[in-house]
Amino acid sequence: MSIQVNNLSFSYGDNHVLKDVSFTANDGELMAVLGPNGVGKSTLFRCMLGLLREYKGETLINGESTRDMSARELARRVAYIPQSHYPAFNYSVFDMVLMGTMAQVSSISSPGKRQLDLADKALARLKISHLRNRGYTQISGGERQLTLIARALVQEAKVLIMDEPTSNLDYGNQLRVMAEIKSLAEEGYTIIESTHSPDQAFMYANRILAILDGQVLALGSPRETINQELIRKLYGVDVEIHSFKNDSIRIFVPDL
Amino acid sequence: MGMKKRKKLPYGTVVLILFILLVGAVILSFMLGRYPVPPRELLGILLSKVFTVEPFWNDTMELVLFNIRLPRILLACLVGCCLSAAGTAYQGVLQNPMAAPDILGASSGAAFGAALAILFNRNSWTVIISAFVFSLMTVALVIFIGERSRGKKVLGLILSGIMISSLFSAATSFVKLVADPSNQLPAITYWLMGSLAGTKRGELLFAVFPMAGGLIPLLLLRWRINVLTLGDDEARTMGVNAAALRTIVIICATLVTAASVSVSGMIGWVGLVIPHFARRMVGNNYKHLMPASMILGAIFLLLVDNVSRNLLAMEIPIGILTAFIGAPFFIYLITREGERY
């Protein structure tokens with residue numbers, strides 16, 4: 001499934017948060033959205049997810065406008081993966097994943113065998129079946145993030161939108177979670193994730209969307225977009241770029 | 001702490017045990033009282049309603065059983081069930097484990113309605129209806145204000161609930177101040193303490209319809225309530241219209257609270273303690289939590305009502321007892337190890 005954003009603009013009163021943002025993400029693409037804090041990344045996601053509706057422009061999924069879709073219809077096409085959080089009540093990992101099937105089940109019934117199977121498959125797919133009956137608030141941040149990804153998979157949407165999936169994770173969990181995300185893209189999911197780490201974006205993403213002051217600053221492959229100039233413009237820092245392993249990894253060394 | 005890990009019972013077994021306990025509590029409540037009914041007579045009277053049994057009991061016994069004890073048992077079960085269901089529902093939709101049936105002002109509104117009706121020397125029916133109507137209007141006002149609050153809707157609701165509740169409590173205090181201290185003031189005070197004494201069939205019939213009207217949707221929607229505990233945005237991206245679902249659940253929870261409070265007065269703690277007790281037994285998943293909470297609430301209030309009827313020569317208002325039992329029990333629950341999810 002492709003997701004296309006056309007001339008999207010959004011403002012809170014006189015504050016123009018997003019100005020004419022346009023891009024397309026296709027099947028199997030992992031798009032990293034880069035930009036400093038408060039630049040409109042979250043607002044962009046909220047518009048795409050239908051959480052904000054008073055925007056100009058449009059979001060199309062396989063050519064269909066999301067504006068006329070109900071919450072249920074949109075949920076079957078686009079899933080959102082928040083940062084790992086602590087809910088008010090402790091659910092088992094399995095119950096948390098099962099909630100992803102809300103859009104498939106009628107309002108007055110509970111999930112059936114098909115949904116239960118989906119949840120078990122998603123746990124197995126992310127290699128966290130052993131956490132099935134643990135409490136969601138009692139597992140590690142990386143495991144919580146994987147649980148939320150599993151929840152998005154049972155939603156059966158093919159577009160996944162992730163808000164800084166690795167921001168609160170330790171180094172090992174960052175790599176493990178990113179490896180899972182990359183393999184989902186290789187399976188054909190369309191993934192859009194925001195990140196604060198340009199080297200991580202370079203390593204995993206196959207498209208980069210850089211946003212500055214609510215506008216698209218750069219859009220393209222990691223190799224052609226991620227350079228010293230982009231880092232200076234986005235974050236106001238001078239860096240040296242060192243390349244390793246045939247330029248599959250780029251490390252940014254700040255100029256101190 | 002070296003505590004033995006207790007084996008968790010499956011949900012089906014827990015519900016079965018609770019159901020058996022409920023039946024046991026009902027049988028016990030039939031027998032206990034100022035006019036004791038022995039087991040043999042109880043069985044005979046009950047069977048005589050289905051089969052022809054030669055009466056070996058006196059008529060008073062049958063009268064006590066059906067006209068006095070039965071309505072009271074049913075009402076105790078229903079009120080316990082409703083208050084627990086409402087507390088469970090409010091906790092979920094307000095994402096707040098400390099929520100109880102009075103959090104959006106249902107109780108303080110009912111108290112004001114009842115006090116006002118007593119002040120104007122109205123009969124007991126008017127007191128009930130006035131309490132019911134004021135309870136619903138108070139929550140409607142809280143929702144109206146909460147929806148207009150800036151920022152997070154759930155927080156807006158809780159804050160406006162606190163504000164409107166304290167406003168109505170002040171109004172109730174004022175009614176008490178101007179009430180006639182020889183008869184009206186004791187009547188108001190007694191009503192506020194909560195009691196199931198003197199339950200009549202009429203009261204039961206009045207309460208049962210709004211109760212059913214609230215309990216049935218709460219049961220049907222119970223699995224969806226889970227997603228509201230995660231917040232509106234997440235719920236919406238999973239395909240649930242959070243604002244609409246929350247409003248429906250709040251209306252149902254308020255309906256059963258208003259119906260309960262209007263016929264029984266203020267019975268505190270049940271709606272906070274029982275949901276947490278149920279959470280410890282079957283976990284936080286509303287699919288299991290809601291039914292368990294409802295049955296447990298019925299058992300609890302029925303047993304406490306037996307204490308209220310039988311402990312002393314005079315009847316102890318049940319609201320006092322639920323507070324006496326509820327508070328220490330809650331402390332036990334929150335300090336106990338081994339949370340289940």
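In what order do the four strands of the open sheet in chain A run? The order is 2-1-4-5, and the pairing is antiparallel. Please keep in mind as you read that this is a predicted model.

- Two strands of chain A form the edges, strand 2 (15-25) and strand 5 (64-65), and each of them pairs on one side only.
- Strand 5 of chain A is joined to strand 4 (residues 56-61) by two bridges, in the antiparallel sense.
- If you want to find this pairing on screen, look for A:I61, whose bridge partner in strand 5 is A:E64.
- As background, the strands of a sheet pair through backbone hydrogen bonds, in either a parallel or an antiparallel way.

**Helix 3 of chain B**

- Helix 3 of chain B covers residues 59-93, and its 35 residues should span 51 Å at 1.5 Å a residue; the end C-alpha atoms are 50 Å apart, so the two values agree.
- There is a bend of about 40 degrees at B:R69, and a proline, B:P71, follows within four residues.
- Most of helix 3 of chain B is covered, with 26 of its 35 residues buried.
- After helix 3 of chain B comes B:Q95, which has a positive phi, near 50 degrees.

**The nonpolar cores**

- The largest nonpolar core has 157 residues, and those touching the most other members are A:L160, A:I191, B:Y90, B:L94, B:L104 and B:W191.
- Helix 3 of chain B is the biggest giver to this core, supplying 16 residues.
- In chain A, domain 1 (1-77 + 157-221) and domain 2 (86-156) both contribute residues, so this core lies between them.
- Setting aside residues up to four places away in sequence, A:I191 touches A:E29, A:L30, A:M31, A:L160, A:M162, A:I181, A:L184 and A:A185.
- Another core, of 30 residues, lies apart from the largest one, and its members include A:V5, A:L18, A:A25 and A:L44.
- In soluble globular proteins, nonpolar side chains tend to be buried together.

- B:S308 sits in helix 13 (residues 286-310) of chain B, and it counts as buried because its relative accessibility is 1%, under the 20% cut-off.
- Leaving out neighbours within four places in sequence, the contacts of B:S308 are B:R72, B:M314, B:E315, B:I316, B:I318 and B:L321.
- B:A278 belongs to helix 12 (residues 270-282) of chain B, and its relative accessibility of 0% makes it buried.
- Not counting residues up to four places away in sequence, B:A278 touches B:G283, B:L289, B:A292, B:S293 and B:L296.
- From B:A278 to B:M294 is 16 residues in sequence and 8.9 Å in space, C-alpha to C-alpha.

**A loop with positive phi values in chain A**

- Most residues other than glycine have a negative phi.
- A:K245 has a positive phi, near 50 degrees, and lies in the loop between strand 11 (239-244) and strand 12 (249-254) of chain A.
- A:N246 is found in the loop between strand 11 and strand 12 of chain A, and its phi is positive, near 55 degrees.
- Are these residues buried or exposed? A:K245 counts as exposed at 65% relative accessibility, and A:N246 counts as exposed at 77%.

Conventions. Residues numbered from 1 in each chain as written. Chains lettered and ligands numbered in written order. Predicted model: local features only at pLDDT ≥ 70, side-chain atom pairs only at ≥ 80, totals over all residues. Heavy atoms only, no water. Pairing = 2+ DSSP bridges. Expected span 1.5 Å × (residues − 1). Bend = angle between axes of the 7 residues up to and from the residue. Buried < 20%, exposed > 50% of the residue type's maximum accessible area, 1.4 Å probe, protein only. Core = buried A, V, L, I, M, F, W, Y, C linked by side-chain atoms within 4.5 Å. Domains from an automatic or database assignment. Contact = heavy atoms within 4.5 Å.
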